Amino acid sequence: MDCREFCDKHVAFVDDTLAGIELVRMQRHIAECESCAKHDARVRRALLIFRNLPPIELSAGFSQRLEARLLRECHGEDFLATTQRNLRRGAIAATLASAAMLGYIATTLYHSDSPRDLVMPPVVASLPEPELTPITTSTPAIVASVSAGLTIWPAALFAEQVPTRFAHSKLELANYTR
Amino acid sequence: MADIVRKQMVAVEGATVRERLQAMDDSAVVTAFLGGEERAFSELVTRYQTRLLNFVYRTIGDREKAEDLVQEVFIRVYRHLHRFDRSKKFSTWVYTIASNLAKNELRNRSRNPLVLFQTVQKNFQDEDRPLQFEDPNSRPDDMYRKRHLREIVEESVAKLPEHHRNVFILRELEGKSYEEIAEITDCNLGTVKSRLNRARNSFAEIIAPYVD
């Protein structure tokens, strides 16, 4: 065993928790190594002093103070429990009262003689006949022959009125000289 | 007459309960308390108050504050005992609470220089207090030597880093097992052993000049 291993196992050695073989090896190392023997003795002596330190005693009023605090704790707990219980009861009562009130309001509204909504006869709407205005645009051949700027609105109008215009066999010529 | 007999009966019954509680282990006392036996809590206090005081005092080095913290430990135990996992050791739980409170106290001190100053001042004033722990029949020079040694030991412990000191006190003063210390300090077993080794070596080194 070397000194490093001795130091690593020293805690268990001091606490006497080493296995038999390890214990013998540690003891043999102490017998051989003066430095480790010194270290071991120093630690054991220090621990002995520390373990024999006189214990601190409680002061005279400790028990009374603790008792008073525990009593306060108990009362505090009781008070808290009572308050919570009262609050719970209050909440239940409030819920019941609200439910009763809502029921009352609902019943009152259902049985009241307030005027109901007037029922009007249904309104029948009919689509008026479309007024057939005379076509003001030229025939496609004419539209195609005019300049691009002028053809926009007549073309749009024409497209819109396609269903009626094509059903209408009578086409008129546009009068550009108006 | 009937009243006197009744009072005596109650006293005898009370004494029996107390004796029965004293004979119980911690777990049984806890069960008794949770079952409604209020006297069981006094039994727990009696068992742990001095041990906890010594543990906290050695950790923080302030006697008055240590008493306050021990009281706080018992208040917390009282408050949360119903939540305590009874498959575990009661003593480990109590020491965990005490250790955490002591740690918080040290942290607060390091953050608040005024508290640190007040503690140092209080310790300084304590120098004038009468000897309390030495045998009054000892010779004066012997008493002085003992007191001086005690102060040196306490100062040496105080010089250890906080996490080393905690492990050191739990092992050397309270005799806790490595496993219990690991649980109390929330460390693994290897860390506990390593810290204990370092704490022992440091303590031995610090105190060596005074005792060699």
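How many helices and strands does chain A have? Select chain A and count: eight helices and zero strands, where helices (H or I, at least four residues) and strands (E, at least two) are DSSP runs, numbered from the N terminus.

Before moving on, note that this is a predicted model, in which local features need pLDDT of at least 70 and side-chain atom pairs count only at pLDDT 80 or more, while totals for chains, interfaces and linings use all residues. Residues are numbered from 1 along each chain as its sequence is written, with chains lettered from A and ligands numbered from 1 in the order in which they are written.

**Stop 1: chain A**

Keep chain A selected. Of its 178 residues, 7% count as buried; a residue is buried if 20 or more other C-beta atoms lie within 10 Å of its own, exposed if 12 or fewer, and partly exposed in between, with C-beta atoms placed from the backbone.

**Stop 2: where the chains touch**

Now show both chains. The contact takes 22 residues from chain A and 27 from chain B, and two residues are in contact if their C-beta atoms, placed from the backbone, lie within 7 Å. On chain A, pick out H2 (10–14), H4 (34–51) and H5 (62–111), which each supply at least two residues of the side that touches chain B. H4(A) gives the largest share, eight residues. By class, this side of chain A has 14 nonpolar, two polar and six charged residues. Here Ala, Val, Leu, Ile, Met, Phe, Trp, Tyr, Cys and Pro count as nonpolar, Asp, Glu, Lys and Arg as charged, and the others, Gly among them, as polar.

**Stop 3: the core of chain B**

Chain B has ten helices and zero strands, and buried residues make up 31% of its 212 residues. Select B:Leu52, B:Val56, B:Val73, B:Ala98 and B:Phe203: of the 47 residues in the largest nonpolar core, these touch the most other members. Such a core is a set of buried Ala, Val, Leu, Ile, Met, Phe, Trp, Tyr and Cys residues joined through C-beta atoms within 7 Å. Helix H3 (residues 39–60) of chain B supplies the largest share of this core, ten residues.

**Stop 4: two crossing helices**

Last, select H8 (residues 162–172) and H10 (residues 189–211) of chain B, which pack at an angle of about 90° with their axes 8 Å apart. That makes H8(B) roughly perpendicular to H10(B) (65 to 115 degrees). Axes are lines fitted to C-alpha atoms, for helices over the stretch in contact, and angles run from 0 to 180 degrees between N-to-C directions. Residues making the contact include B:Phe168 of H8(B) and B:Phe203 of H10(B).

Notes: Parallel < 35°, antiparallel > 145°, perpendicular 65-115°, else oblique.
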